[in-house]
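Q: Could you take me through how a sheet, the helices beside it and the charged pairs of a protein model are read?

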Amino acid sequence: MQSETVTLSNISFEEYKDQILRDYKIAIISRECSLLGRREVLTGKSKFGIFGGGKELPQLAMARVFRDGDFRSGYYRDQTFMMAIDQYTVEQFFAGLYAHTNIEKEPFSAGRQMGGHFATQSLNEDGTWKNLIKQKNSSSDISPTAGQMPRLLGLAQASKVYRNEKSITDSSNFSNQGNEVAWGTIGNASTSEGLFWETINAAGVLQVPMVISIWDDEYGISVHAKHQTTKEDISLILEGFRRDKDHEGFEIFKVNGWDYAALIDTYEKAEKLARESHIPIIIHVKELTQPQGHSTSGSHERYKNEDRLNWEREYDCNKKFKEWIIEHKIATTEELLEFEKAAKKEVRKGKNEAWNAYLSEIKSEQKDALEILKLVENKSSNKNFISPLVKSLSSKNEPIRKDILEATRKTLRYITKEKFEEKLILQKWVNNYIATIQPKYSAHLHNETESGAVHINEVKPEYDENAEIVDGRVIIRDNFDSLFSKFTDILIFGEDSGKIGDVNQGLEGLQEKFGEIRVADTGIREATIIGQGIGMAMRGLRPIAEIQYLDYILYCIQGLSDDLATLRYRTFAKQKAPLIIRTRGHRLEGIWHSGSQMGGLIHLLRGIHILVPRNMVKAAGFYNTLMDSDEPALVIECLNGYRLKEKMPSNLPETRTPIGVVETIKEGTDITLVSYGSTLRLVEQAAKELLSAGINAEIIDIQSLLPFDLNHDIVKSVAKTNRLLIIDEDVSGGGTGYILHKLIDEQNIYQYLDSKPQTLSAQPHRPAFGTDGDYFSKPSIEDIYEKIYEIMNEVNPVKYPELR
């Protein structure tokens, strides 16, 4: 039996009635969108559909207590919630389904994500922050299962920081004294993922204002809960996380998803606890249905028996809501039927408007193309080949841009040897069309405004005549001290980052000086360390997430790759997370801390700057540059550089290491050597020894792998030396393969080469332990020397006789 009352205070019966009927209208509009959306996919107007049918009622309850300034981090079933907070219209639903590339029509991603992936706009046109506490916010969804959970932790933690860190000078756009709640949603089957459990544990430790709703319809796609969850009940096995009089933890609620009154009551209680007391909450919403199955890829009749299907028809939340409204005399059956008719009409109208808006742009482009194609057709001696292309494009009543470019580009093939004005017009049109359309699908991977990191000018370190010689760790420590004094919204956290000042003392004494919120220890949980950073960065803070060693970054690669790296791109520059990830790597002893993941990171983290400073002065300059911009970056400090001596710059806080710019650290004439990080020291030593053999090498420090050599300075070096060797400690084809691709395909160095461009990398395995393990696993000074000598031997075997 459903609960008898809806807890709503200080409103009249008419207002109470209006709220309930508004909820019912949204529920049936959302359901109708799901039903009609499925038909649009099955008729070919969209590639794929995944909808929120069956989850309408609890989402209405959640929306009722969702306030301005709050953030959602959810998944692709939450369309009803987005409609209920007035951030999603019928037209936008279908614009997303059709992948409309107009950000005004499809404001979540401009067609880059499939429908059901929601986001609000946090940024103004110039990339500056909007006032987030004056709007309801949704962080941009991602599809990977449970991938939204780590980010949710950070969104919630931001409220805790804003409430408790008094040194922050201006939070006016981001928080009202930390009163914002972060709301997460996840399907019951997805709670099997490790990211869910890591987030639950971290939230319990941190005690952040986070409310997780678990939508439980007993299935994960076609797989029943008995194969997903111990005891088939996620809240039951989460009981150990429940708070009690002696221990902090979670408050856990369980409620049926078809019981409107109980849902409203539950969400009101949860919101109050989370908002006022910063207690994390789990709401297990049971007995939900999924009336259209998981997605348009299949039907749930294939895996649900008749008893289950009958139960789902009986306990469909919209049906039970209707019965409750009638039972409580809030509206009659006839009145609700009128609501339903009006809803269907509204959805059909919105669908048609969205389709016409989507199609009209492309049909206009089709018309322009056809006008030129017909002119070419009439002039070309290959008319017989061109006419079918023109006819095919003309016949398409619902064209896509692929159709237009296939016809125009294939036509150009037939007229390559012909000369007439219309050919030039078509060539120009195709080139302009691609230049205009490509950014709709490719723009905004990085900040393209003047505030982008690549536009921060270099400020070189300066040294007094009697500059102090110090350990590298002192340079990085003193620079962080300066940054924390200058930026009150910067904070750093990670394993051993706080009390001991990180494992290499690069943060020595900073927790004592700046407090445990700004310089914090975390548990051993890399995925949620990154999640903390992403979420807090999305709420206006400037976090630095420390991953203790480079190989540990594999624990959090999913969040970095699928979430952080794509955020600006997938929201069409409407959201950002300027998170800095600090780690250390290169040439430590043994398999686990000395393997190089650069090839993988370079390819998986497009959208994040990857910076590889050779020493701590360069690293400090990178941090200073990044704090002047608003883009995410991974800074990999040299693990064996903390104890190496460096001069202390007199202008350390002002130094800026440029991003995307290489540095020539030794000039030469015979061969260009390209490397980065710790390996550079070996390259420098080998080059020094080669001088005795009459070989003068030029050495270039890449400094920045993503982006790579934007000024094409390496090609200028190769134009002088006519030879190239790339050296790194990654496995062959990893970092060196990427670098060689950049130099050959983008910088066209082949035109200056007199010898084959070569690479020198590590063995195809993790490094063995010990000094000899390093020597036989990664390029040594002797390996580098002999490789360079071998190249010169090929050039002049008389002058450089064979070594061995």
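Q: In β19, which residue is the bridge partner of L673?

A: Strands of a sheet pair through backbone hydrogen bonds, either parallel or antiparallel. In this predicted model, L673 has I699 of β19 as its bridge partner. The two strands concerned, β18 (residues 671-675) and β19 (residues 697-701), run parallel and are joined by five bridges.

Q: What is the order of the strands in the open sheet?

A: The sheet has five strands with mixed pairing, in the order β17-β19-β18-β21-β22. Because β17 (663-666) and β22 (758-762) stand at the edges with a single partner strand each, one side of each is left without a neighbour in the sheet. From one strand to the next, the twist averages 25 degrees.

Q: Which strands does helix α25 lie across?

A: Helix α25 (residues 735-746) lies across β18, β21 (724-731) and β22, and its direction is at about 145 degrees to β21. Helix α27 (residues 781-795) also packs on the sheet, where it touches β18, β21 and β22, and its direction makes about 160 degrees with that of β22.

Q: Turning to charged pairs, how many salt bridges does the structure hold?

A: The structure holds 62 salt bridges, and one of them joins the side chains of D316 and R31, at 2.7 Å from N to O. This pair links distant parts of the chain, since D316 lies in the loop between α9 (306-314) and α10 (317-327) while R31 lies in helix α1 (residues 13-42), 285 residues apart.

Q: Is D316 buried or exposed?

A: The cut-off for buried is under 20% relative accessible area, so D316, at 10% relative accessibility, counts as buried. R31, with a relative accessible area of 12%, is buried as well.

Q: Where do D233 and K286 lie?

A: D233 lies in the loop between β6 (223-224) and α7 (234-237), and K286 in strand β8 (residues 281-286), so the pair ties together parts that are 53 residues apart in sequence. Their side chains meet in a salt bridge of 3.7 Å, N to O, in which D233 counts as buried at 9% relative accessibility, whereas K286 counts as partly exposed at 23%.

Q: In which helix do K349 and E353 both lie?

A: Both lie in helix α11 (residues 333-379), four residues apart, which is about one turn of the helix, and their side chains meet in a salt bridge of 2.7 Å, N to O. K349 counts as partly exposed at 48% relative accessibility, and E353 is partly exposed with a relative accessible area of 36%.

Methods: Residues are numbered from 1 along each chain as its sequence is written. This is a predicted model: local features need pLDDT of at least 70, side-chain atom pairs count only at pLDDT 80 or more; totals for chains, interfaces and linings use all residues. Side-chain values use heavy atoms; hydrogens and water are left out. Two strands pair if DSSP finds at least two bridges between them. Axes are lines fitted to C-alpha atoms, for helices over the stretch in contact, and angles run from 0 to 180 degrees between N-to-C directions. Contact means heavy atoms within 4.5 Å. A salt bridge is a side-chain nitrogen of Lys or Arg within 4 Å of a carboxyl oxygen of Asp or Glu. Buried means under 20% relative accessible area, exposed over 50%, partly exposed in between (1.4 Å probe, protein chains only).
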